[in-house]
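Please keep the sequence and the coordinates at hand while reading.

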Amino acid sequence: STTALTAADCAAFTPNNTPTAQPFFFRTDERGEVYRLLDGQLQYISSYSDLATLAGGTVRVVGWKDATVGVLGVTKPMIPAGTVVQFAGDGRAFRWNGSQLAHITTYEALLKIGGGKAPTIATIPARLAPVMPLGAPIA
């Protein structure tokens with residue numbers, strides 16, 4: 001069955017009666033994670049500079065309940081290649097190459113990646129683990 005909408009009905013779907021332009025960014029109320037809508041799924045944005053670049057000017061972020069992210073699902077995150085990450089609640093460190101993770105299995109390997117000192121490790125949402133495939137480990 002179809003529901004006919006009036007112009008007034010349609011206007012109610014836009015804030016201040018003005019259309020919201022793409023791209024759409026969402027921040028979870030509970031965790032403060034920021035995502036963009038990409039091909040029907042949410043892509044985690046790891047830095048404000050990436051967010052500003054994607055927004056092309058004014059950054060508009062809509063607050064969402066954390067459960068909404070679970071309903072839509074996530075896709076591979078926007079994290080710069082070479083970033084060392086760990087999932088929230090998991091002490092293991094990984095290096096992201098832009099398409100897959102490499103588990104860093106020793107402290108010596110971590111120091112080598114950091115040029116002789118421990119690199120900064122970015123903590124990312126645990127819900128991203130299933131969309132970030134594992135490659136060969138780094139020992």
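**Architecture and charged pairs**

The chain comprises 4 helices and 9 strands, where helices (H or I, at least four residues) and strands (E, at least two) are DSSP runs numbered from the N terminus. The model is predicted, and local features therefore require pLDDT of at least 70, side-chain atom pairs count only at pLDDT 80 or more, and totals for chains, interfaces and linings use all residues. Residues are numbered from 1 along each chain as its sequence is written, and side-chain values use heavy atoms, with hydrogens and water left out.

Read from the N terminus, the elements follow the order α-β-β-β-α-β-α-β-β-β-β-α-β. The chain has 139 residues, of which 27% count as buried; buried means under 20% relative accessible area, exposed over 50%, and partly exposed in between, with a 1.4 Å probe and protein chains only. Among contacts in the chain with a separation of 6 or more, 60% come from residues 24 or more positions apart, a contact being heavy atoms within 4.5 Å.

An open sheet of 5 strands is arranged in the order β4-β1-β2-β3-β5, and its pairing is mixed; two strands pair if DSSP finds at least two bridges between them. Its edge strands, β4 and β5 (74-78), each pair on one side only. From one strand to the next the twist averages 35°, with axes taken as lines fitted to C-alpha atoms and angles running from 0 to 180 degrees between N-to-C directions. Within the sheet, β2 and β3 (residues 41-45) run antiparallel and are joined by 4 bridges. Leu37 stands opposite Leu42 in β3.

How many salt bridges does a search of the whole structure find? The search finds 6, a salt bridge being a side-chain nitrogen of Lys or Arg within 4 Å of a carboxyl oxygen of Asp or Glu. Side chains of opposite charge can pair when their charged atoms come close.

Asp29 is partly exposed, its relative accessible area being 45%.

Glu33 forms a salt bridge with Arg127, with the closest N and O atoms 2.9 Å apart. Because Glu33 lies in the loop between β1 and β2 and Arg127 in the segment after β9 (121-124), the pair ties together parts that are 94 residues apart in sequence. Glu33 counts as buried at 9% relative accessibility, whereas Arg127 is partly exposed at 21%. The side chain of Glu33 also makes a polar contact of 2.5 Å with that of Tyr35 (a pair of N or O atoms within 3.5 Å; within protein, one must be able to donate a hydrogen and the other to accept it, and residues adjacent in sequence count only if both atoms are side-chain atoms). Residues up to four places away in sequence aside, Glu33 touches Phe26, Arg27, Thr28, Tyr44, Asp66, Pro125 and Arg127.

A further salt bridge links Arg92 and Asp90 at 2.8 Å from N to O. Arg92 is partly exposed at 42% relative accessibility, while Asp90 is buried at 19%. Elsewhere, salt bridges that share partners join Arg31, Glu33, Asp66 and Arg127 into one network.
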